[in-house]
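Please read it alongside the sequence and structure shown here.

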Amino acid sequence: MKDTVKFLLRGLVVFSVVFSGILFSDSKGWFDAPVDPNPHILKRWTSIKNMHEKNQEIDVLVLGNSHAYTGINPKHLSAQLGMTSFVLANNSSIWTDSYWTLREALLWCDPQVVIIESYGLNKEACYGAKPPHLVNQIRAFEGREDFKTKLASTPSLFTVEDMGKAWSQTIRNHHYLWENREQIEANMKRGTPMPRPEVNDLYLGRFVRFTSGLTAESLAAYDSIASPVQGALEVISPSNRQAAGWIADLCEERGIKLMVVTLPMYEKHVADADIWAGYIEDVVQEEMGGAPWLNLQLDTNYTQNPDFFENTLEANQHMTRKGSKNASNSISQVILREWSDELKFRREESDWIELFHEAEGFYAYNCPASDAESPSNIHVMGRNFDVGQLNVLDASIYADEESGEKAKFLQFRINVASSGKRILSGAPLRAQFRFRIGDEAEQSGVLNISKVHHLSTDSVYVFRQLILQELLLLQLDALEI
């Protein structure tokens, strides 16, 4: 008996020494990983906390994985809704992880709407996670900082074998001792854990990765290969199904509107999309109380447009920047249709306007009510006037982060219902102006201005054209389609 007690005591002493050493090493950051050149996971949490400290409310919170943060543009979503939207998504996240992400996010924000993208509602389970998924899961876990929430989530997210890796850089990166001693030396010289990235601009979680679509070669290749994604095989794991119920219950408890979105992949990229949709619909109906669900994978306006999709034939295909703008437009319209009478909008709040007035897409949906209220980056040429059969809600010239420093946008917003049938033809808007370039003499000319589909809705068409900063428009003489 005494020998057993001595053995246990020795074991306890050894464990205490090792555990204390790990805690000390972690507190000093000796085994921290090298600096991530794109620390967007950490930036999201930093930005949320910055906004909380500045009393900037997050009204629409988007959850999901890389499909969400590449496929939804939160600045466009914010502009169209007149609310602040934020994408809190992480690589490879499944819905179990999204639930705990939401739990922690609610410590820092009080959203009116939660949107969850459905690609993480899949057959993967946290237990027995494949190595690439485990790495991403640990990175997402490390991005969170609330001890109680992280502790409560650990059994749902990791096996006993992986819990130490999730919590400790020392355990996770002990192989640096023989593979990367230079990193340990650099960490020891620094003397403190790797600092989190600073966020000084308006960062809403978007991570732009793909700016061009499928090439002709890739499109031709679809005719000779099986669809990379077999929808009939995309069954949903019990743990993800359970997480769907957790998310719905948490949103109901907090009085949050809940919406599900399926962002698309190219039509030939996915086989049996209708069967896959059936799996998701079953969960949405049974576990989420029939929450509104926008399934863009069954919308040919999206799935047949090569410009909307990353140029890859690998299974995991994302949307391009262009695709993300269009998807954000569709999502906004669903939110407004479902809950416009129940939501608080901020488009009249001066602080909100100050936050967003230079952001891309803002002036497609928000025009100052008067010259006295106009920010310095916009000049409104006219409000609510008729030219022939066209009813113009407003005409403006403005510069924003999308136009750049050397150009500006000329924009007309047209009331569809009050402008006759011809506006539905898709023809460009022809605007005749008197203008001057720099110090040159006054001239007259016609601009053909195209409709911008990702900024337009069923009721308002946006026509927009980039023009040079030096171009001074003096007077609008004619406007027609």
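Phe 147, Leu 151 and Trp 167 form a nonpolar surface patch of about 310 Å². Such patches consist of residues with over 30% relative accessible area and no salt bridge, with like charges joined within 9 Å and nonpolar side chains (Val, Leu, Ile, Met, Phe, Trp, Tyr) within 5 Å. Accessible areas come from the Shrake-Rupley method with a 1.4 Å probe, and for residues only the protein chains shown count as cover. Trp 167 belongs to helix H8 (residues 160-167) and is partly exposed, with a relative accessible area of 33%. Here buried means under 20% relative accessible area, exposed means over 50%, and partly exposed lies in between (1.4 Å probe, protein chains only).

The model is predicted: local features need pLDDT of at least 70 and side-chain atom pairs count only at pLDDT 80 or more, whereas totals for chains, interfaces and linings use all residues. Residues are numbered from 1 along each chain as its sequence is written, and side-chain values use heavy atoms, with hydrogens and water left out.

**Helix packing**

The axes of helix H5 (residues 95-105) and helix H7 (residues 147-157) come within 10 Å and cross at roughly 175°. H5 is therefore roughly antiparallel to H7, a term for angles over 145 degrees. Axes are lines fitted to C-alpha atoms, for helices over the stretch in contact, and angles run from 0 to 180 degrees between N-to-C directions. Residues making the contact include Trp 100 and Arg 103 of H5 and Ser 153 and Leu 157 of H7; contact means heavy atoms within 4.5 Å.

Ser 153, in helix H7, is buried, with a relative accessible area of 0%. Leaving aside residues up to four places away in sequence, Ser 153 touches Trp 100, Phe 141 and Arg 144.

**Salt bridges**

The whole structure contains 21 salt bridges, each defined as a side-chain nitrogen of Lys or Arg within 4 Å of a carboxyl oxygen of Asp or Glu. Three of these pairs are tabulated below.

| Pair | N to O distance | Sequence separation |
|---|---|---|
| Asp 59 and Arg 346 | 2.8 Å | 287 residues |
| Asp 371 and Arg 383 | 3.5 Å | 12 residues |
| Arg 413 and Asp 394 | 2.7 Å | 19 residues |

Asp 59 lies in the loop between helix H2 (40-53) and strand S1 (60-64), and Arg 346 in the loop between helix H16 (321-339) and helix H17 (350-356). Both Asp 59 and Arg 346 are buried.

Asp 371 sits in the loop between H17 and strand S8 (378-387), and Arg 383 in strand S8. Asp 371 is exposed, with a relative accessible area of 55%, while Arg 383 is partly exposed at 30%.

Arg 413 is in strand S10 (residues 407-415) and Asp 394 in strand S9 (residues 390-398). Arg 413 is buried, with a relative accessible area of 12%, and Asp 394 is buried at 3%. Elsewhere, salt bridges that share partners join Lys 49, Glu 145 and Arg 196 into one network.

**Overall architecture**

The protein has 17 helices and 14 strands. Helices (H or I, at least four residues) and strands (E, at least two) are DSSP runs numbered from the N terminus. Along its principal axes the C-alpha trace spans about 100 × 50 × 45 Å. Of the 481 residues, 50% count as buried. Among contacts with a separation of 6 or more, 74% are between residues 24 or more positions apart. The protein exposes about 23,200 Å², of which carbon and sulfur atoms supply 52%.

How values were computed:
Angles under 35 degrees count as roughly parallel, over 145 as roughly antiparallel, 65 to 115 as roughly perpendicular and the rest as oblique.
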